[in-house]
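Good morning, and thank you for coming. Please look at the sequence and the structure before we go through them together.

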Amino acid sequence: MTAALQVDGLGVAFGGIRAVDGVSFAVRRQAITTVIGPNGAGKSTLFNLISGQIRPHAGRVTLDGVDRTGAPPHLMQRAGLGRSFQITNLFFELTVFENLQLASQRLEPPRQMLRRIGRGEISLRRVGELVERFGLAAKLGELAGALSHGEQRRLEIAVALAAKPSVLLLDEPTQGMSHGDTADTARLIRDLSRDVTVLLIEHDIGLVMEISDHIVVMHQGRMLAEGAPAEVRADPAVKAAYFGDASC
Amino acid sequence: MTSVLEFIQFVLAPQMITGLSLGVAVVLVALGLTIIFGLLDVINMSHGEFYAIGAYLALALGAAGISFWLLLVIVPLIMLPLGYVVESGLIQRVFNKPDRHVTTLLLTFGLGLVLEEVLKVIFGPNTQRPPTPIPGAFEMFGIIMPNYRLFLILFGFAIIVAVALVVNRTALGAMVRAAAFDRNMAASLGVLLAPVFSVFPTMGRDFIFMAFTVVIVGGMGSIGGTVIAGLVLTQVQVLSSLVVSPVWSDPIVFSIMVLVLVLRPQGLFGRIGHA
Amino acid sequence: MPSTPSKNTSAFLAFDRSGLAMRASHVLVALLIVAALGFAAVGAALNDTFYLRLATEALILGGFALSVDILLGYTGLLSLGHALYFGFGAYVSALVLKETPSFWAAMGVVLVTTLVFGVITGLIANRVRGVYFALVTFGLAQVVAKAIYNTRALGASDGLIGIPIVPINLGFMTVMSNAPVAFFLFTLAFVVLLYVAAAYLLDTSFGRVLGALRVNEHRVPFLGYSTHRARLSIYVFAAVIAALSGALYPMLRGFVSPELMFFTTSGNAVITVVLGGVGTLAGALYGSVILTVLKSVIGTMTEHHLIVIGILFMAVVIFLPKGLMGVVRPRIARLLGGGAR
């Protein structure tokens, strides 16, 4: 079975510094793969490379078996990639409904672009599904900017998921969340991984160990190790480089 | 052979000197735009009007008998309260609103309109010109160089160098006050350039347009790019009037900007993408 | 899983604030139409020509202001040179009409040429945003206006005069462009059609992407949309609306001049939109009426009406940022049964 997402020898340099260098790994379908590493390891840059925000100087990005290297973000999205952001990147001046409706529009056939949104049954139905799944029914009419931090992070994931991507990139989804919210989000992500392949960046080691099927460790732009959680935890190189300053 | 030399002496060189004196002024304003506005995130469309006000003040006070050198000191001082009123009375009011970029643009656009009209009402729509502060000229290599223009060029270069040095060593906090300095500088430039380029109601708009063109061509955030683009573009504008009718110099400069925008949108030396 | 799709999904539309606001705009435009009809009736009864022509010009400028509002209010782009397309439409229309006084020929040529011209200039202007966009659009208009000003074949500074009277054949009736009441009503219908086209487009899924561009441009590509293409498309659409409005101008006045492209025309449209209410479309039409009235009234009191209007403009930007519509529209939206808070 082809991997949902595959990166080979991916690399990019900024002004002489190799932010990401020779990173290769495969993301298995319907499994949760987590990228961890200390600050500055290049994790977010890796996501930017995969999602098309930055062009790599070397390497390949293959999505669902098709080479998508260098594709800009809007084409990556259409190819089946969804992405959430570490710093909440919602449409704060729009309501929760409007955010979700915008994100779900891509499910409609092209001719819907020139029709009123009220005629878009598919996207409206999708909004209903998302509202139920993410527990946002009570907040539909609220401005996204008025939500609590935890609710915003949830909406952030919902927006990334709206257009039914085959691979979902979640950049520190539990960033700034309370303990309870984090546990809920962990459950949510595990639930999601049944229909969509999840690639995650996370700092919360407890969460990472709990939900990951596969872990990729990055350090100074390179891949340090990868494997099942138990393997990675036991790896002495990883311990030396990373667990020294981990947050538990 | 002689006619080529004569051409250089009597036609080309004087034009280039005029172009240089405009060039240093444009570079100074463009530097303000690329450094300060890039950092501060405040957009002021009435910036050009401060330049015009400086020029008109020089005209009025000069006619009242005040010496040019005194004007260079007085005008920025007079502008201080005006700048303060604009800053805290107007811009700060909209600074915390959500749509503040567009709102500030609109507000300063309106302010520019009003200021321009006020100038037109007080001074009339015609072009006027204050007398040259340093009269006379001297000769070098057979080229006659007006003293005042030479002074402008040297003075301007000195300030450009000073700005470049200061920028490379100053903390961000000082930059905040630099916006006020930049406004006063615009007014002072108005005083300095008025004897050379005349004074008319739409001068603010023309000048600011030139400055922004320089920033686009040179590249936002690049000091070197701004200096080079500023000097080159002003030379193009001035020298093109030798070849074609003067009405086409603006379109020519504009076409260069369009070309740069199309082929290299971040500017010739720009590192940051255009905001 | 969801059992009754249509019932559930249409309930969501109560949370669609832009859709609701749009409907409030429609109500306000309908009111304006009624008022305009009344005005026409009075004008016809009194055999007036001057005020009807003035009102027709206000409508034409209102159509132009619509296009400026599309850019400013919905896409967040301040264009200070949009009069380029207004003037372009006026000149092309004038040139066609001088050859053959056919309304449909003029409109057809204006439409096609503006599409091309709009794409070319749009590609240039959309390389930048913010204040640079404002200045590049300003520069484009200045340069073309100056070029026309210096071109003898286009009438130079005097412009093109001698535009013939145009019989507008609508199939069921013919409107003569020199008939004050008839042409006023025709222009009203024309501008309302432009409004309907714009309002419809902005309420579509495409229109929502534009609104998203204004609120958070960075996220939009991740939703699957090319920001370049979206921005260029709406820019060309706005250019076409401006040009079609401009095409009516020579029919009304019998001449065109480079002033139509100058900064003053663009600036007036921006003032119109802000006074009426940015991002409401209806505000552009009301604003045009207000500005025309203001100019006439203040113009009789003082020569320097631009200063007064400029100060009023700034006051509106600071204290009443949503313009007249900002005061009136929410009330109407509530009357229509707004569900969202």
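This is a predicted model: local features need pLDDT of at least 70, side-chain atom pairs count only at pLDDT 80 or more; totals for chains, interfaces and linings use all residues.

In which loop does Gln30(A) lie? Gln30(A) sits in the loop between strand E2 (17-27) and strand E3 (32-36) of chain A. Helices (H or I, at least four residues) and strands (E, at least two) are DSSP runs, numbered from the N terminus.

Residues are numbered from 1 along each chain as its sequence is written, and chains are lettered from A and ligands numbered from 1 in the order in which they are written.

Let us return to the loops of chain A. Gln30(A) is not a glycine, yet has a positive phi of about 45°. Glu172(A), also not a glycine, has a positive phi of about 45°; Glu172(A) is placed in the loop between strand E7 (167-171) and helix H6 (179-192) of chain A. Are these residues buried or partly exposed? A residue is buried if 20 or more other C-beta atoms lie within 10 Å of its own, exposed if 12 or fewer, and partly exposed in between, with C-beta atoms placed from the backbone. Gln30(A) has 14 other C-beta atoms within 10 Å and is therefore partly exposed. Glu172(A) has 20 C-beta neighbours inside 10 Å, so Glu172(A) counts as buried.

I turn next to the sheet. In chain A, 6 strands form an open, mixed sheet in the order E6-E7-E8-E3-E9-E10. Two strands pair if DSSP finds at least two bridges between them. Strand E6 (81-83) and strand E10 (222-227) of chain A are the edge strands, each pairing on one side only. From one strand to the next, the twist averages 20°. Strand E9 (residues 214-219) of chain A runs antiparallel to E10(A), and 5 bridges join them. In E10(A), Arg222(A) is the bridge partner of His219(A).

How many residues does each chain bring to the contact between chain A and chain C? Chain A brings 34 residues and chain C brings 27 residues; two residues are in contact if their C-beta atoms, placed from the backbone, lie within 7 Å. On the side of chain A that touches chain C, helix H2 (73-79), helix H3 (96-104) and helix H4 (121-134) each supply at least two residues. H4(A) gives the most, with 5 residues.

Within chain C, helix H13 (residues 323-335) bends by about 30° at Arg329(C), and a proline, Pro330(C), follows within four residues. The bend at a residue is the angle between axes fitted to the seven residues ending there and the seven starting there. The buried residues of H13(C), including Leu324(C), Met325(C) and Ile332(C), pack against helix H2 (17-45), helix H10 (263-276), helix H11 (282-301) and helix H12 (305-319) of chain C.

Finally, chain B has 9 helices and 2 strands. Along the sequence, chain B follows the pattern α-α-α-α-β-β-α-α-α-α-α. Of the 275 residues in chain B, 46% are buried. Among the contacts in chain B with a separation of 6 or more, 79% come from residues 24 or more positions apart.

Definitions and conventions: Axes are lines fitted to C-alpha atoms, for helices over the stretch in contact, and angles run from 0 to 180 degrees between N-to-C directions.
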